[in-house]
Every structure is written in C-alpha cells, then in structure tokens.
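Please look through the structure below. The briefing after it goes topic by topic.

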Amino acid sequence: METAPDQEPAARETVFLSPFISVGACFVISVIYVASLYVWNSKHDRDHPSTIKRRFFSVFVVMLISPFFVLTLSSRDVFQHYGMWQIMGFREQGLFTATLLPLLLTVVLFLGPLSVQLSNGVWRIYSEPMYWVNAVRNLVWLRNHVVAPLSEEFTFRACMLPLLLQTFRPSIAMLITPLLFGLAHLHHIRERLKNGRPLREVLIVSFFQFFYTTIFGIYSAYLFVRTGHFVAPFIVHAFCNHMGFPDVQEVLSQTGHRKYLFIAFYVLGLVGWIVLLPTLTTPSWYTNDLFWAAEL
C-alpha cells in the first residue's frame, strides 16, 4: 500500500492509542511471559529437561495469548489498511532481504569474536554433521537457539511494538520494549539465590545481564521497526545467543601480534557495524510501508 507524502501526517494522527493502554498492555504481556515460567512447581533447576519442557509449553501458550492484545487493542484505522499479522512482521514482501542482511550486519559486529573462533579452530566443529544432529537433540541448545529467540522476539517485539507504535514515535517505542525485556530477565535473581550464590554476586551478575539484554533489546527493536519483519530480530537473536557475550579476557590473554590483531578485528567490527547499520536497514529495501515507516 502506497500513501501520498502529503497524506502521511494526517494518517498518523488517526492512528492513536493512549499511553496507558499501549504501555499497560505491554507491561501485562511481559508479566504473563515471566509468570508462565514459574507456574510449574519443580525442584529442578532451569537446565533440567523437565523444567525446559514445561517452560517450552508455557511460552508457547503465551505466544497464543499475546496476539489477542494486538487484535483487540489496535486502532481501527490501522486495520483499515493492514492486517494483524502484517503489522506483527509476518509479511512476504522483503522477506529474503530481512532474513539475510540483518544477519550479515550482526556478523560484522561480531568480527572480533569470529576471528578468535577461526583462529582457535572452533569453526571446524560446525562442519561436522553430527554436531548439528546432537544439537537439535539437546534441549538446552534448542532453548537457547530456537525457543527463547522465537518466543521472546514474538512477545517483546512482534506483539508489543505494533501497540507502542500506535502511541509513540519509533524512537520512543524502540526504548520502551528493551526496558521491559531487560527487566524480564531479572527473574534469574530468584534462581541464582536458590542455587546458593552470594547476594552480592547475584546482584552484580543480574545488573550486568539487565544492561546487555536492554542494549540488545534496543538493537532488536530497531531491526523490527526498520525492516517491518519479525524474522530479522529472530535470526539475529538466535545468532547472538550462539555467540554469547564476547570474551574480551581471552583476547587480552593473547601474546605478541595476535593480541593486537584480534583487538583490531574487534574495533573494525564495531566501527563497521555502526557505519553500515543505517544503510543496511533502509526501510525501502524491505518494502516496509507499514504505518510507522513514514517517521523513520
């Protein structure tokens, strides 16, 4: 759907939800998501197979519930021009680009860690078919690489952002969901304390987790808003979970020219990502003509 440039501001004025409704709904969705992880009474930790299977079921139930917030609360003006699944990022137009370019952009960001893996020979593992056979049989691997990215991006991006974008400009909406996303990860405090870890250590680790999950949430929300596709943040989330937080200590422990070479790759990756970010997420490349695209 194409909208004449002189009609865009007027059209935006008709797309409106009160902040109480949009932010309140997102808060409720995030509470439901976290609460679903604890509805089961279990003595096992989060990595136990029974705990993982039960939480798989829980988050999939949440994924069935969350779209009803979008369906029932969205402005009628939005649904006059777009379908519910369309504004949630499930579109055919630009799908291939949304699958490839955000992933390549994130690979650039991880140029430093990837260079370390290449040097250490870790990449050879991925060429072994049995690695992937064993991976898909491993519940922890499935949680980290498939179910967690799928359920979290669906809930915190595909269901929350379409509501927030009916209230706030994209620059504001992209900051609200990451805060909820970061706060949602604070539930690990309970598990860490239950495992007997010192309170000081738990608070430091949890604050650090809140910090980097919020930063990632901003990046993920940015990808969703700019591309208008769910697949972009989902694939990037899965890749980031696979890579984990960069092990800077491993780089600093290197000796000679290797140390400075790896540092150079880290810096090059970060600079390259910053430079390429606005270009490789150009909305028109993804056929993003959703109701918020005119404000990007």
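Glutamine 209 counts as buried, because its relative accessibility is 9%; buried means under 20% relative accessible area, exposed means over 50%, and partly exposed is in between, with a 1.4 Å probe and protein chains only. This is a predicted model, in which local features need pLDDT of at least 70, side-chain atom pairs count only at pLDDT 80 or more, and totals for chains, interfaces and linings use all residues. Residues are numbered from 1 along each chain as its sequence is written, and side-chain values use heavy atoms, with hydrogens and water left out.

- Glutamine 209 is found in helix α15; helices are DSSP runs of H or I with at least four residues, strands are runs of E with at least two, and both are numbered from the N terminus.
- Leaving aside neighbours within four places in sequence, glutamine 209 is in contact with His185, His188 and Arg192, where contact means heavy atoms within 4.5 Å.
- The C-alpha atoms of glutamine 209 and leucine 183 are separated by 9.5 Å, and these residues are 26 apart along the chain.

**Packing of α11 and α15**

- Two packed helices are described by the angle between their axes and the distance between the axes.
- For helix α11 (residues 139-159) and helix α15 (residues 199-227), the angle is about 60° and the axes are 10 Å apart.
- Axes are lines fitted to C-alpha atoms, for helices over the stretch in contact, and angles run from 0 to 180 degrees between N-to-C directions.
- α11 and α15 are therefore oblique to each other; under 35 degrees counts as roughly parallel, over 145 as roughly antiparallel, 65 to 115 as roughly perpendicular, and the rest as oblique.
- From α11, the contact involves Glu153, Arg157 and Ala158, and from α15 it involves Phe216, Gly217, Ser220, Ala221 and Phe224.

**Cysteines**

- The whole structure has 0 disulfides, a disulfide being a pair of cysteine sulfur atoms within 2.5 Å.
- Cysteine 26 is in no disulfide, and its nearest cysteine sulfur, that of cysteine 159, is 9.2 Å away.
- Seen from cysteine 159, the closest cysteine sulfur is in cysteine 26, and 9.2 Å is too far for a bond.
- Cysteine 26 counts as buried because its relative accessibility is 0%.
- Cysteine 159 is buried too, with a relative accessible area of 0%.

**Threonine 287**

- Threonine 287 lies in the segment after α18 (257-280).
- Phi of threonine 287 is near 50°, a positive value in a residue other than glycine.
- Threonine 287 counts as partly exposed, because its relative accessibility is 38%.
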